[in-house]
Amino acid sequence: MQSSAPRIAFVIETTLGNAVFLDNLKRAMGRRTDITPVWLPIDEHVNDLWEHLPMVRSRLSMRGGLRARVALNQASSREPVRAAVVHTQRLAHLSHDFMRRVPSVISTDATPSGLEEYLRYYGLRTQHAGWLGRAKNVLHRRTYAIAKGMLSFSQYTKRSLVEEYGVPDKSVHVVWPSVDTTLWRPAPEKKPRDGVVRLLFVGSDLGRKGGQLLLRWARETRRRNWRLDLVTSTPFEAPPGVRIHVGLQPNSPELIGLAQAADLFVLPTMADMSSWAIAEAKAAGLAVLSTPAGGVGELVRDGVDGRIVPAGDYTALAHMLDALLQRPATLEAMGREARRMAEAHMDLDTTCSRMLAFIRQVTGV
């Protein structure tokens, strides 16, 4: 790194998909010399099954916000930082004074109103209405107003920031989940046509990510000549044709190998904001079957590089899977289109360059 390169602090949660974001950012920044990144990871590890609960999220917001505030102030006291990027807004609420001194950008994959889909899925009461909802809206508006700009992981979340929280349209830059396309790429050698269609699912919360629907299909389908690799966080007894993989790490050779061996990535998610797993699958040259939940539908062009079915519609999912199993040539063609889209819009280095250009523009670094 050149010592003259401006120091930019990156405060990032290390839970779940945020850990992938952090790992990918470090990978991309390691290839640059125009900035000096200061990494400030904030550990808020919690089981994904409980993360959505209001009480848990409130405690995490307070604890994470305090840790972020301390980390930012300590980092800037040792040697001044020129700008900061905070992911997500939950970590920024207690750092307004720092953000007023040091131009800062907030990145997020969801707003509070967007997270209502999570609450509804788990059968929990909405927090977006009443006095609590109004208070939350005021807090978020204040935090967003102090920030010099916003990075959004989807157009879906950008619309919420602009229309519901008053963030100027020009102050929001959309950056889709992106991956190292030199790492996530199709297999060097073409897979042999053995008549078996290989499916891949990646998701820690089987219920919310639609894994239970996929397992139901595996038990009920009359189609043959398929295999499903299911990557999740908890082991269980799988039906015939399904292999369970637990404990695979982000960007690991094992996970990449599963993608390269597959023909179709299936993520019938019930409630979501964005998906790193879809970006990885498309970079590996896989057709994708998913739903329009949150901003996920933006990542798949229905009929071009994948198919979209309604969230929670088991019949539609089962019919689409049965149909795609009979069309390996279609899956192969969609996979080629998926790779092209990943190279054009989900490449890590390209996305990082665009993101840094936005950050430097709005912060004046």
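Which side chain does a polar contact of 2.8 Å join to that of T351?

## A residue to start with

The partner is S178: its side chain and that of T351 are joined by a polar contact of 2.8 Å. (A polar contact is a pair of N or O atoms within 3.5 Å; within protein, one must be able to donate a hydrogen and the other to accept it, and residues adjacent in sequence count only if both atoms are side-chain atoms.) You will find T351 in helix α13, residues 348–363. Helices (H or I, at least four residues) and strands (E, at least two) are DSSP runs, numbered from the N terminus.

T351 is buried, with a relative accessible area of 10%. Buried means under 20% relative accessible area, exposed over 50%, and partly exposed in between, with a 1.4 Å probe and protein chains only. Leaving out residues up to four places away in sequence, T351 touches V175, W176, S178, H345 and M346, where contact means heavy atoms within 4.5 Å.

## How to read the model

This is a predicted model, in which local features need pLDDT of at least 70 and side-chain atom pairs count only at pLDDT 80 or more, while totals for chains, interfaces and linings use all residues. Residues are numbered from 1 along each chain as its sequence is written, and side-chain values use heavy atoms, with hydrogens and water left out.

## The sheet

Now look for an open sheet of 6 strands, in the order β9-β8-β7-β10-β11-β12, with parallel pairing. (Two strands pair if DSSP finds at least two bridges between them.) At the edges stand β9 (242–246) and β12 (306–308); each has a single partner strand, so one side of each lacks a neighbour in the sheet.

Inside the sheet, β10 (residues 264–267) and β11 (residues 287–290) run parallel and are joined by 4 bridges. Here L264 stands opposite A287 in β11.

## A helix across the strands

Helix α9 (residues 253–261) lies across β7 (197–202), β8 (226–232) and β9. Its buried residues are L255, I256, L258, A259 and Q260, and they pack against β7, β8, β9 and α10 (276–283).

## The nonpolar cores

The largest nonpolar core has 53 residues, and L199, W217, L264, F265, L289 and L321 have the most contacts inside it. Helix α11 (residues 314–325) gives the largest share of this core, 7 residues. (A nonpolar core is a set of buried Ala, Val, Leu, Ile, Met, Phe, Trp, Tyr and Cys residues joined through side-chain atoms within 4.5 Å.) Apart from this core lies another, of 26 residues, including A84, I106, I146 and M150.

Technical notes: Axes are lines fitted to C-alpha atoms, for helices over the stretch in contact, and angles run from 0 to 180 degrees between N-to-C directions.
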